[in-house]
Amino acid sequence: MSFRKEKKFKLTRSELKLLKFSLLEKGMKVLYPKRIIKSCYFDTKNLNMFYDSEEGILPRKKIRYRWYNSVQEVHKEIKISSIEGRYKKTSFIGPIKLSQLNHTKLYDQNYGTIYPYILIKYSREYFTYKKLRFTFDADIEYEKIDSDITLKSIDKDCVMEIKAPSTINDDYLENIIFKQTERFSKYCRGIKSFLN
């Protein structure tokens, strides 16, 4: 397993455009084509993963099904935050039917039985700059899927994320982006939009 650093920067839509333009002028290059990402996050009935994330408990997990454009290529991802750092485990699930998704149950050894709670959709652009990976996420939408009532909300903010090896010094990253990092969990933001 390889640990990594994830630095997130909350941005307005106009800030995202300006920052992206500035970095492109400095030599940032497109890494992959832009695509739509959809993730279905699982949690316990009491939202234990959400509350662990909000309180910064270590270790903790986020478990999701993720697909890009097509539901034929679904992967299960487990994002683990530990004292040593963050890492992700991915396994291929195969095709799923969205109509059956909210009846899916999973079992986790730490959290017990978990259920699909929220569907998150957004557009992502991928870049590389100074041997680091940059992603820009916009048009973030949340849909609560754990009940018969469909609840949806739209996030007015965007997020840029730098993914780097854990060996990279924080000062090096801060000299690239002159903006304060900020916690930006789409899962937690989506949950809070429905709790409010």
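The structure is a predicted model, in which local features need pLDDT of at least 70 and side-chain atom pairs count only at pLDDT 80 or more, while totals for chains, interfaces and linings use all residues. Residues are numbered from 1 along each chain as its sequence is written, and side-chain values use heavy atoms, with hydrogens and water left out.

We begin with helix α1, which covers residues 13-26. Helices (H or I, at least four residues) and strands (E, at least two) are DSSP runs, numbered from the N terminus. The expected span of a helix is 1.5 Å times one less than its number of residues. For the 14 residues of α1 this gives 20 Å, and the end C-alpha atoms are 20 Å apart, so the two values agree.

Which residues of α1 are buried? They are Leu16, Leu19, Lys20 and Leu23. These residues lie on the same side of α1 because they cover an arc of only 100° around the axis; the arc is that of the directions from the helix axis to the C-beta atoms. Here, buried means under 20% relative accessible area, exposed means over 50%, and partly exposed lies in between (1.4 Å probe, protein chains only). On the other side of α1, the exposed residues are Lys17, Leu18, Phe21 and Glu25. The cover over the buried residues of α1 includes strands β1 (4-11), β7 (112-129), β8 (132-144) and β10 (158-165), where contact means heavy atoms within 4.5 Å. After α1 comes Gly27, with a positive phi near 120°.

The next element to consider is strand β3, residues 60-68, which is mostly covered, since 8 of its 9 residues are buried. Two strands pair if DSSP finds at least two bridges between them. Strand β2 (residues 29-43) pairs with β3 in the antiparallel sense over 6 bridges; Tyr41, for instance, has Arg64 in β3 as its bridge partner. Strand β4 (residues 74-81) also pairs with β3 in the antiparallel sense, over 7 bridges, and Ile80 in β4 is the bridge partner of Lys61.

A cis peptide bond joins Leu58 and Pro59, with omega about -10°. Pro59 lies in the loop between α2 (48-55) and β3.

How many disulfides does a search of the whole structure find? The search finds 0 disulfides, a disulfide being a pair of cysteine sulfur atoms within 2.5 Å. Cys40 counts as buried because its relative accessibility is 0%, and Cys158 counts as buried because its relative accessibility is 2%.

Finally, the loop between β7 and β8 contains Lys130 and Lys131. Phi of Lys130 is near 55°, a positive value in a residue other than glycine. Phi of Lys131 is near 65°, again a positive value in a residue other than glycine. Are these residues buried or exposed? Lys130 counts as partly exposed because its relative accessibility is 43%, whereas Lys131 is exposed, with a relative accessible area of 84%.
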